[in-house]
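Subject: Structure handover and notes

Hello,

Here is the structure for your files.

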Amino acid sequence: MADPTLVVIVPIAGIVALAFAALLTRYVFKKDTGSPEMFAIGEAIREGAMAYLKRQYKTIAIVSIILGAIIMALIEPRPWVGVAFLLGAFCSALSGYIGMYVSVKSNIRTASAARRSLNEALMTSFRGGAVSGFSVVALSLLGVAGIFYLLRLGLNFEVDQALNGAVGYAFGASFAALFAQLGGGIYTKAADVGADLVGKIEAGIPEDDPRNPAVIADLVGDNVGDCAGRGADLFESTAAENIGAMLLGFSIWIAWGGASGGVAAELAIGFIFFPLIVRGLGIFASMVGVLLVKMRNEDENPAKALNRGYFVACALAAIVFYIAAQQLLGDGYLYFFAAGMVGIVLSIVIVYITQYYTAGEWRPVKEIAKASQTGPATTIITGFSVALETTLMPILSIAVALLASFYLGTLATPVTRPDMNLLYGFYGTAVATMGMLATAAFVLAEDTFGPITDNAGGIIEMSKQPEEIRRRTDRLDALGNTTKALTKGYAMASAGLAAFLLFGAYFERVAMIKENITPGTPISAAQLSAWFHVDLAYPEVFVGAMVGGVLVFIFSSLAIRAVGKTAGKMIDEVRRQFREIPGIMEGTAKPDYAKCVDIATVGALRAMVLPGILPVIVPLALGLTGAYVIGDTFHHPEGDVTYMMVGAMLMVGTIVGILMATMMNNGGGAWDNAKKYIEAGHFGGKKSPAHAAAVVGDTVGDPFKDTAGPSLHVLVKLLSTITLVFVSLFVLA
């Protein structure tokens, strides 16, 4: 490696990120908590959120310990991969807890700050969200690097065995994140649908009205879904994609001769460490961006303040990317730097595409709002049509970025080693993914900013603050809805770009097993490349592909159905309280908020288990069936093709998952903002027939964009990490 001292950046960046998160927490917590009424509402939200999280984590812990014990017993190096799995699950849960804790402390302070100025409310809410962003990225970075260094340097395992341990960490992160995102998504949308349908349509009361029994559950749900759930989602994203890139770097290193390869291999080891180092440098770029988020005056659009910070973070990320590539990626570093820029540009392009489809000033949202004039049916038909349309531009953008980054990677291949063309091409896609995730801390801050501002608006409404203050929080709430949609698009695009590098990581593991390479033994590029393919002409491989596709549909069905069932119970309870508790509508009696919180909690925890374990059971069942049942039935000239069968499931499941998640995320966001567009005074405004129809459309979109869609982000990466962990069980030498 050209400059070994760069490795020191990794722990330094992680520690600095945690220290920066602590400083941001101090900044937020120094703000006042407003009036006694505001404080009481904020405490109710905090208590409900933390109580839910405590019960959810008990469930996750039980399932994780069982699976961790199985991994400890079966996967080499034993028991360290299982230990890493449990540590990954714990850190994923911890990142969600930190984000949730600061979020529920920030919402009341944002509401209070809004009484003084819009800028102070913006800075309070965004910096509160940034605590989650930097905590998540730091824990992911320190966890992956810590596991790798412990096994490699502390316990003297070979590099590939140390990477196996890091894969276990990424799998644990993905596994816990799936439950966190699923449970949080079911909770928040069941509460939201119940509050909207009964409160807005049947009772005709405003959003966040204190007379609505489901209002506290709705505000709690914003935190458990968009803070804890999304924090765990992006935690596992950064962990899984770091590991995938490191595995491809390992392929290049061993193709150069590995530990016995001399000077060339010594230089090539930089390919393994590059993902960690560039992630660490990206933290510093995001820190500067966060500190620049400040409005120039009270009349400025707060979105401009966020965009300034984001573009500065991207520019600084480009600079540090160049430095890291120059120091670590050999003579072809300029091509890899260009691949990283492809990733950064893709992140910006996806932001604008998502804005087009989900913001109120463009055709898609206006089209849905206009269709609402003729009733809920046309609202849903038009909205679903727009949702399907939204897949085109993101997929084309990902396709261009994938082809460009792969081609740039091949251009970096040394002229003396044309046999490494495929490996360098795969690594080009890995570098592009690293570029896209370079500003992950800033983007996650934008996501958590959304529920903080939403809660702040609810607190202002419930505590009956002046209309001028509510207008300030409404501006931030509208911006928060947009940033949440942008983050989902960003997360899905990064998953799409990363999918290819994770496929490469899977086939690298297959090649190591098929070529019977023992730890520490070099393997040629030709030996590796020979296993990088899937042939759908084999019937069992085609079946594997179909299983991968249908898994996405069944998973989405279970997630959406869970919202529907829990929302039905919520609707019945809200109706019961309106009917049986005299004085609620007059404001003389207080609704039973706790009952609605309990319904959402119990419903979410029960419903998340089956879809949560399904993506674990299906790949294992398919792989083991292929290896020990189907493999003995079909006799192909190529021998056992179980690795192709599992690879086909992984590829098609990922592709279908990306399409489905994009459709759900953007379609749900468009339905939501069509409702807000009407509420702003268009097509009759609030309480008009068009508004009632738009609310119905929004409730259809809710489980799309906040439950099934975000959970699919985790699903597609969980499929990759579980196949990487268990590949030795169903790929036989």
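The notes below cover conventions, helix packing, salt bridges, backbone geometry, and a few contacts and surface features.

Conventions

The model is predicted, so local features are reported only at pLDDT of at least 70 and side-chain atom pairs only at pLDDT 80 or more, while totals for chains, interfaces and linings use all residues. Residue numbers start from 1 along each chain as its sequence is written, and side-chain values use heavy atoms, with hydrogens and water left out.

Helix and strand labels are DSSP runs numbered from the N terminus (helices: H or I, at least four residues; strands: E, at least two).

Helix packing

Two packed helices are described by the angle between their axes and the distance between the axes. Helix H5 (residues 159–202) packs with helix H22 (residues 689–730) at an angle of about 170°, and their axes are 8 Å apart. Axes here are lines fitted to C-alpha atoms, for helices over the stretch in contact, and angles run from 0 to 180 degrees between N-to-C directions. H5 and H22 are therefore roughly antiparallel (over 145 degrees; under 35 is roughly parallel, 65 to 115 roughly perpendicular, the rest oblique). In the contact of H5 with H22 there are 23 nonpolar, eight polar and nine charged residues. Nonpolar covers Ala, Val, Leu, Ile, Met, Phe, Trp, Tyr, Cys and Pro; charged covers Asp, Glu, Lys and Arg; the others, Gly among them, count as polar.

Salt bridges

The structure holds 30 salt bridges, each defined as a side-chain nitrogen of Lys or Arg within 4 Å of a carboxyl oxygen of Asp or Glu. Burial is given as relative accessible area (buried under 20%, exposed over 50%, partly exposed in between; 1.4 Å probe, protein chains only).

- Glutamate 236 and lysine 717 form a salt bridge at 3.5 Å, N to O. Glutamate 236 is in helix H6 (residues 215–255) and lysine 717 is in helix H22, so this pair ties together parts that are 481 residues apart in sequence. Glutamate 236 is buried at 0%, and lysine 717 is buried at 1%.
- Aspartate 419 and arginine 417 form a salt bridge at 3.0 Å, N to O. Aspartate 419 is partly exposed at 33%, whereas arginine 417 is buried at 17%.
- Glutamate 461 and arginine 470 form a salt bridge at 3.3 Å, N to O. Glutamate 461 is partly exposed at 24%, whereas arginine 470 is buried at 9%.
- A network of salt bridges links Lys189, Asp192, Asp672, Lys675, Lys676, Asp698, Asp702, Lys705 and Asp706.

Backbone geometry

Two cis peptide bonds may be worth a check on your side. One runs from glutamate 76 to proline 77, with omega near -5°. Another runs from arginine 78 to proline 79, with omega near -10°. Proline 77 lies in the loop between H2 and helix H3 (80–114), and proline 79 is placed in the loop between H2 and H3.

Lysine 464 is not a glycine, yet has a positive phi of about 60°. Lysine 464 sits in the loop between helix H15 (440–462) and helix H16 (467–514) and is exposed, with a relative accessible area of 65%. Phenylalanine 683, also not a glycine, has a positive phi of about 55°. The loop between helix H21 (642–679) and H22 holds phenylalanine 683, which is partly exposed at 31% relative accessible area.

Contacts across the sequence

Valine 81, in helix H3, is buried at 1% relative accessibility. From valine 81 to alanine 166 the C-alpha to C-alpha distance is 7.5 Å, although the two are 85 residues apart in sequence. Glycine 280, in helix H8 (residues 270–291), is buried at 0%. Glycine 280 and valine 16 are 264 residues apart in sequence, with 9.7 Å between their C-alpha atoms.

Surface patch

Ile62, Ile66, Ile70 and Leu74 form a nonpolar surface patch with about 370 Å² of accessible area together. Patches are made of residues with over 30% relative accessible area and no salt bridge, joining like charges within 9 Å and nonpolar side chains (Val, Leu, Ile, Met, Phe, Trp, Tyr) within 5 Å. Accessible areas come from the Shrake-Rupley method with a 1.4 Å probe, and for residues only the protein chains shown count as cover. Leucine 74 belongs to helix H2 (residues 36–74) and is partly exposed at 42% relative accessibility.

Regards
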